[in-house]
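User: I'm new to this one. Can you walk me through it?

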Amino acid sequence: MELLLALGIGTLVAAGVYLALRPRLFSVLLGITLLSYAVNLFLLASGGLMVDGAPLSNLPGPHPDPLPQALILTAIVISFGMTAFLIVLTLRAVSERGHDRVDEDPGSEEP
Amino acid sequence: MNHLILAPLLLPLAAGVVALLGGRGSLRFERTVGLVATLALLPVSVLLVGAASEGLVVAYDVGDWAAPFGITLVLDRLSAWMVSVTALVATAALLFALGRSDTTGRHFHALFQFQLLGINGAFLTGDLFNLFVFFEVLLIASYALLSHGSRPERTSAAVHVAVINLLGSTLFLVAVGCLYAAAGTLNFADLAQRAADLPADRLGLWQAGGWMLLVVFALKAALLPLGFWLPGAYGAADGAVAALFAVLTKVGVVSIMRTGTLFLPGLDAGPVLWAAALATLAIGMTGMIAAGRLAQLVAHSVVVSVGVLLVAVGLSSGPGLAAATYYLAHGTLATAALFLVTSRIAMVRGETGDLLEAGPAFRGRVALPTAFLLAAVAVAGLPPLGGFMAKLAILDAAVQAGRTAWSFAAVLAATLLSIVALARAGTIVFWKVGPDRGETVELPAWRPTAVAGVGLLLAGLVGLALYAGAAFDFASAAARQLLDPGEYVLAVLGTAGGGDR
């Protein structure tokens with residue numbers, strides 16, 4: 001279980017970092033999205049992993065730590081909002097500049 | 001009385017929502033709501049400073065949920081100080097924006113209020129995850145404010161800032177996860193208590209999380225090598241927005257001061273921060289000299305002021321933190337004032353704008369050059385204004401901490417180059433007349449509100465210099481409070497533990 005989760009997080013982070021370093025805004029967006037997935041899984045792991053724990057507090061048995069789940073919920077909402085905003089911002093940048101490169105076009109007339 | 005701590009959060013939140021939804025897009029309504037809420041922050045912050053200077057740390061559990069689990073707000077001297085600096089800068093920026101910046105796009109006032117909500121929340125919160133949330137609130141408002149006015153260079157700057165800060169937020173969450181896994185809590189006071197006796201096998205996780213947290217704060221504060229996003233963004237922003245942004249970098253600095261003294265002193269991050277701050281000073285002063293536009297020069301002066309601050313913080317001593325606290329207020333007001341003056345200069349010079357080259361002969365009255373002179377003197381840190389005393393105190397603290405040579409060299413060189421850059425810029429703008437391009441610049445009149453905005457900041461700077469004794473006493477007490485986390489822990493958790501460090 002630990003190994004599976006660690007591999008999953010690692011793969012997501014690697015893909016996310018690679019994409020975030022690409023020169024096009026679309027790939028950067030995808031990269032940031034993947035990184036936020038990885039972070040959510042990482043937060044889940046920070047409370048300690050438990051298999052077959054009781055899902056509700058009124059059931060008997062060992063309970064997993066509920067706090068990371070609350071953190072993840074908040075983080076999902078925030079990263080959803082941020083991603084949506086970034087997509088709109090990117091669209092505006094594309095419509096104003098005519099390309100979706102992260103940097104200004106080196107050949108453009110911009111000083 | 002305690003409920004007053006909520007006011008710096010509730011006022012902007014309520015005003016932002018009302019301005020957004022209440023007026024059916026009427027600019028006049030938005031203006032009234034924004035202005036009333038921002039002006040109301042001034043008396044609130046005076047009361048908070050009064051409450052904080054009684055010497056006690058006041059903790060407030062929102063909704064009466066007890067401390068390590070609920071949302072905790074903490075008022076101590078540092079947070080009260082920063083909330084009042086924010087209120088002053090926000091009032092000035094808003095007055096300056098009336099009738100100009102707020103007409104270039106929609107919902108300026110709502111965004112402005114949400115920005116204030118995020119900043120005040122980040123100063124007052126006593127919980128790591130809430131700090132993350134408030135960071136996000138202030139960031140999303142800042143992206144929108146930055147791209148306000150729909151110019152291609154502003155949109156580009158906003159995209160860059162948004163991407164790098166989203167990566168920063170990701171790292172913040174990883175740091176939160178590490179610290180939670182190591183200590184099992186995210187409340188500042190609780191973290192401080194548990195940091196003292198961590199099991200040995202969790203120490204590595206704790207340190208990794210702590211360092212990542214400092215990296216995130218250094219990114220927000222624009223510390224080298226994480227500060228290259230700042231000059232482009234601040235230089236492109238609207239003048240009033242850039243003035244408010246002068247507070248944003250200080251959020252990072254204050255977070256470093258807060259966490260570094262409260263629950264991360266075990267990292268011994270001081271020397272690293274100090275060295276990075278020296279490099280930041282070097283790059284900032286080079287940028288000031290090299291800038292081709294006045295707004296970019298001022299943006300680089302923000303970098304310099306962060307460098308000066310973190311040189312002082314990196315000494316991790318009482319006098320260093322006290323000088324940093326005083327300079328937090330002075331530097332923020334000074335750069336904000338210079339941003340406003342720059343924006344006005346760009347308006348007066350017509351097509352030449354704030355380019356640092358010979359333009360049309362300056363036909364303004366004496367008010368604008370005087371305001372530029374005062375603001376420039378404040379930014380450079382010359383006497384008689386408070387920046388000089390702050391730098392003196394920082395150098396004094398460096399001597400006491402035994403890190404004389406590099407601190408002196410960097411701070412003094414930065415001061416000298418700031419003077420050179422600002423004097424050169426002032427000479428070009430006000431005295432150097434270019435070839436007659438046949439421009440007929442209609443001299444736009446100073447609006448009374450804009451004058452009031454600049455005047456408020458300059459009066460604040462003069463006040464800080466006149467009452468430097470009282471301000472320094474307050475700052476020293478704030479530093480003592482920071483270095484003795486026991487009081488903070490006691491106020492939040494109600495137990496005296498954690499004082500065993």
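Analyst: One term to start with: angles under 35 degrees count as roughly parallel, over 145 as roughly antiparallel, 65 to 115 as roughly perpendicular and the rest as oblique. This is a predicted model, where local features need pLDDT of at least 70, side-chain atom pairs count only at pLDDT 80 or more, and totals for chains, interfaces and linings use all residues. Residues are numbered from 1 along each chain as its sequence is written, while chains are lettered from A and ligands numbered from 1 in the order in which they are written.

User: How many helices and strands are in chain B?

Analyst: Chain B has 19 helices and 2 strands. These are DSSP runs, numbered from the N terminus: helices are H or I with at least four residues, strands are E with at least two.

User: How do H3(B) and H10(B) lie to each other, roughly parallel or antiparallel?

Analyst: The axes of H3 (residues 77-97) and H10 (residues 239-262) of chain B come within 8 Å and cross at roughly 170°. H3(B) and H10(B) are therefore roughly antiparallel. Axes here are lines fitted to C-alpha atoms, for helices over the stretch in contact, and angles run from 0 to 180 degrees between N-to-C directions.

User: Which residues make that contact?

Analyst: On H3(B), they include B:Leu78, B:Met82, B:Val85 and B:Phe96. On H10(B), B:Ala243, B:Leu244, B:Val254 and B:Met257 are among them. Two residues are in contact if their C-beta atoms, placed from the backbone, lie within 7 Å.

User: And by class?

Analyst: The contact of H3(B) with H10(B) has 16 nonpolar residues, 2 polar and no charged. Ala, Val, Leu, Ile, Met, Phe, Trp, Tyr, Cys and Pro count as nonpolar, Asp, Glu, Lys and Arg as charged, and the others, Gly among them, as polar.

User: What about H15(B) and H16(B)?

Analyst: H15 (residues 386-400) and H16 (residues 404-431) of chain B pack at an angle of about 165°, with axes 8 Å apart. That makes H15(B) roughly antiparallel to H16(B). H15(B) gives B:Lys391, B:Ile394, B:Leu395, B:Ala398 and B:Val399 to the contact. From H16(B) come B:Thr404, B:Ser407, B:Phe408, B:Val411 and B:Thr415. By class, this contact has 6 nonpolar, 3 polar and 1 charged residues.

User: Now the chains. How many residues does each give to the contact?

Analyst: Chain B gives 21 residues and chain A gives 25. On the side of chain B that touches chain A, helices H5 (128-146) and H6 (152-183) of chain B each give two or more residues. H6(B) has the largest share, 15 residues. By class, that side of chain B has 15 nonpolar, 5 polar and 1 charged residues.

User: What is in chain A?

Analyst: Chain A has 3 helices and 0 strands. Its radius of gyration is 19 Å, well over the 13 Å that the globule rule gives for 111 residues, so chain A is more spread out than a compact globule. The radius is taken over C-alpha atoms, and the rule is 2.2 Å times the number of residues to the power 0.38. The C-alpha trace of chain A spans about 70 × 25 × 15 Å along its principal axes.

User: And chain B?

Analyst: For chain B the radius of gyration is 22 Å, close to the 23 Å from the globule rule for 501 residues, so chain B is as compact as a globular protein of that length. Its C-alpha trace spans about 75 × 60 × 40 Å along the principal axes.

User: What share of each chain is buried?

Analyst: In chain B, 61% of the 501 residues are buried. In chain A, 26% of the 111 residues are buried. A residue is buried if 20 or more other C-beta atoms, placed from the backbone, lie within 10 Å of its own, exposed if 12 or fewer, and partly exposed in between.
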